[in-house]
Amino acid sequence: MGEHYILQHTGAIDHAYRQRGTVESWQEHVALYAVGNSRLGLALSTAFAAPLLYPTGSESGGFHFRGGSSTGKTTALHVAGSAWGGGGIRGFIRTWRATSNGLEGVAALHCDALLCLDEIGQVDGRDAGQIAYMLANEQGKTRAGRSGETRRAAEWRLLFLSSGEISLADKIAEDGRGRRIAAGQEVRIVDIAADAGAGLGIFENLHGFPSADAFARHLKMASGEHYGEAWRAFMRLLVKDFDAIAPTVTGYRDEFISENIPAGADGQVSRVAARFGLVAAGGEMATAFGVLPWQPGEATKAAARCFSDWLLLRGGVEPAEEREAVSAVRRFIELHGNSRFEPMGDLIHRDGMGSPIDVRIQNRAGFRRRDDAGGIEYLVLPEVWRGEVCAGMDAVTVAKALASRNLLAAGEGNKLQKNTRLPGFSSSVRCYVITSSILGDDHA
Ligand SMILES: Nc1ncnc2c1ncn2[C@@H]1O[C@H](COP(=O)(O)OP(=O)(O)OP(=O)(O)O)[C@@H](O)[C@H]1O
Ligand SMILES: [Mg+2]
């Protein structure tokens, strides 16, 4: 063919842009099986959307497949990765752990391409947060070179797919030090439930295989035998009319947005919809070029399904900060509800004679008592509210977010604090009263 694709990189290159099989064999044994499987469809479309970032000026970001073990998450990454390369033990997949050591090199190596990051569980919350942030930020750290001069930070632009048993947000919160995912991060790394809801893990359509297990094993094997040709075929056709790329992609994307965004959605939802729209465009263009062996509309359908599942999981169209506020309070109560809230009334432990047992509360955060409906409400003292429960957030905003969901019992005149008589205080004390529903399921 006489064409060359240049991998720009300094230093030793350990890349997986290898090839095996043909576009046709890859279509038959790998890509065709994504039809009717929204997660596989999305993953493969993402592979082709990556080179569209540059011509459309779109921002980097990724999708994280979250779900239980042996549901097919890694398999989906293998399928998508096979559009770009493979071989070796892991195919085109990198692990989160390996990436935390050499993030900048790995990211630069995948510039304008797809990066598959498996197993977020292998890194700690802090590393995961930093990796995700840097990847989406398209830039590494500036460092001093050997002779002390400032070296230019590595830069990249890419789309990534990730997998893990928990979400990035939960991963970041895992170390218990109150770290939280920023709304900006959440928009860039879209969390998708791996389970597609058909009782088949990440799959919905097994294409005649006797079980999801057998289907997964086939896909893993096939993507290890046919890989690395599809992106080359895609690029050959894409660059033929470079000027047409941006308007075509934008057309697909905007159509996706207008058809899938619910009324009243906030800016964060719109940004995520735009990312899904870009991915749909990648899949549709690869289909139009004959690289993906799908019917027109298949990629869009897969993206639309994953987007609506994401929206459902997100719990609505209001800003992420509000939902984050609610979950921070819920986490605090889950963690400390028993140990740091002094029981009142019938919650007080009593001995056989009915006398209260003096249970020492270390580092008291507040009180808990029975509400009229028999649930338990939590009364948080103002300093703890501001300093601990709402650490890193605006305390008033948090209280308002809770109040609007009836998770905070307002005081007289709709005040966010309530004057309450508490044991050990000579006069009534202002506190935040968290209702018992905070630990319920309907907390969106
Ligand atoms: N949807 C599924 N239903 C049943 N079994 C499956 C499914 N997906 C995968 N498996 C089985 O699990 C094995 C591992 O698949 P895969 O690596 O994709 O899972 P995973 O979701 O990444 O799991 P883990 O969280 O353990 O990494 C497959 O080889 C197959 O045997
Ligand atoms: Mg896995």
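**Why these labels?**

Analyst: Let's start with Y54, which lies in helix α3, residues 53–56. Keep in mind that this is a predicted model.

User: What makes the nonpolar surface patch that has Y54 in it?

Analyst: Y54 teams up with V239 and F242, and together they make a patch of about 310 Å². To be joined like this, nonpolar side chains have to come within 5 Å, and each residue needs over 30% relative accessible area and no salt bridge.

User: Why is the pair of Y17 and W231 called edge-to-face?

Analyst: Two checks here. The ring centres are 6.0 Å apart, and the limit for a pair is 6.5 Å, so the rings do pair. Then the planes sit at 65°, and planes over 60 degrees apart count as edge-to-face, so that's the label. A search of the whole structure turns up 20 aromatic pairs.

User: Why does the Y17 and W231 pair tie together parts that are apart in sequence?

Analyst: Y17 is in the segment before α1 (23–29), while W231 is in helix α10 (residues 230–238), so the pair links parts 214 residues apart in sequence.

User: How do you know that R39 forms a salt bridge with D309?

Analyst: Look at the closest N and O atoms: they're 2.8 Å apart. The cut-off is 4 Å, so this pair makes it in. By that rule, the count comes to 17 salt bridges. And R39 is in helix α2 (residues 38–49) but D309 is in helix α13 (residues 298–314), so this one ties together parts 270 residues apart in sequence.

User: Which residues are the closest around ligand 1?

Analyst: S69, K73, T74, T75 and D213, out of 19 residues that surround ligand 1. Being counted there takes a heavy atom within 4 Å. The helix α9 (212–223) supplies at least two of the shell residues, and so does α4 (73–81). The largest share, 5 residues, comes from α9.

User: How do the residues of the shell around ligand 1 divide?

Analyst: They come out as 5 nonpolar, 8 polar and 6 charged.

User: What lies 3.0 Å from an oxygen atom of ligand 1?

Analyst: A polar side-chain atom of K220. With a limit of 3.5 Å, that counts as a polar contact. E119 gets in too: an N or O atom in its side chain is 3.4 Å from a ligand 1 oxygen. S70 uses its backbone instead, with a polar atom 2.8 Å from an oxygen of ligand 1. Overall, the protein covers 77% of the 630 Å² of accessible area ligand 1 has on its own.

Note on methods: Residues are numbered from 1 along each chain as its sequence is written. Chains are lettered from A and ligands numbered from 1 in the order in which they are written. This is a predicted model: local features need pLDDT of at least 70, side-chain atom pairs count only at pLDDT 80 or more; totals for chains, interfaces and linings use all residues. Side-chain values use heavy atoms; hydrogens and water are left out. A polar contact is a pair of N or O atoms within 3.5 Å; within protein, one must be able to donate a hydrogen and the other to accept it, and residues adjacent in sequence count only if both atoms are side-chain atoms. Accessible areas come from the Shrake-Rupley method with a 1.4 Å probe; for residues, only the protein chains shown count as cover. Helices (H or I, at least four residues) and strands (E, at least two) are DSSP runs, numbered from the N terminus. Ala, Val, Leu, Ile, Met, Phe, Trp, Tyr, Cys and Pro count as nonpolar, Asp, Glu, Lys and Arg as charged, and the others, Gly among them, as polar. Patches are made of residues with over 30% relative accessible area and no salt bridge: like charges are joined within 9 Å, nonpolar side chains (Val, Leu, Ile, Met, Phe, Trp, Tyr) within 5 Å. A salt bridge is a side-chain nitrogen of Lys or Arg within 4 Å of a carboxyl oxygen of Asp or Glu. Rings of Phe, Tyr and Trp (its six-membered ring) pair if their centres lie within 6.5 Å; planes under 30 degrees apart count as stacked, over 60 as edge-to-face and the rest as tilted.
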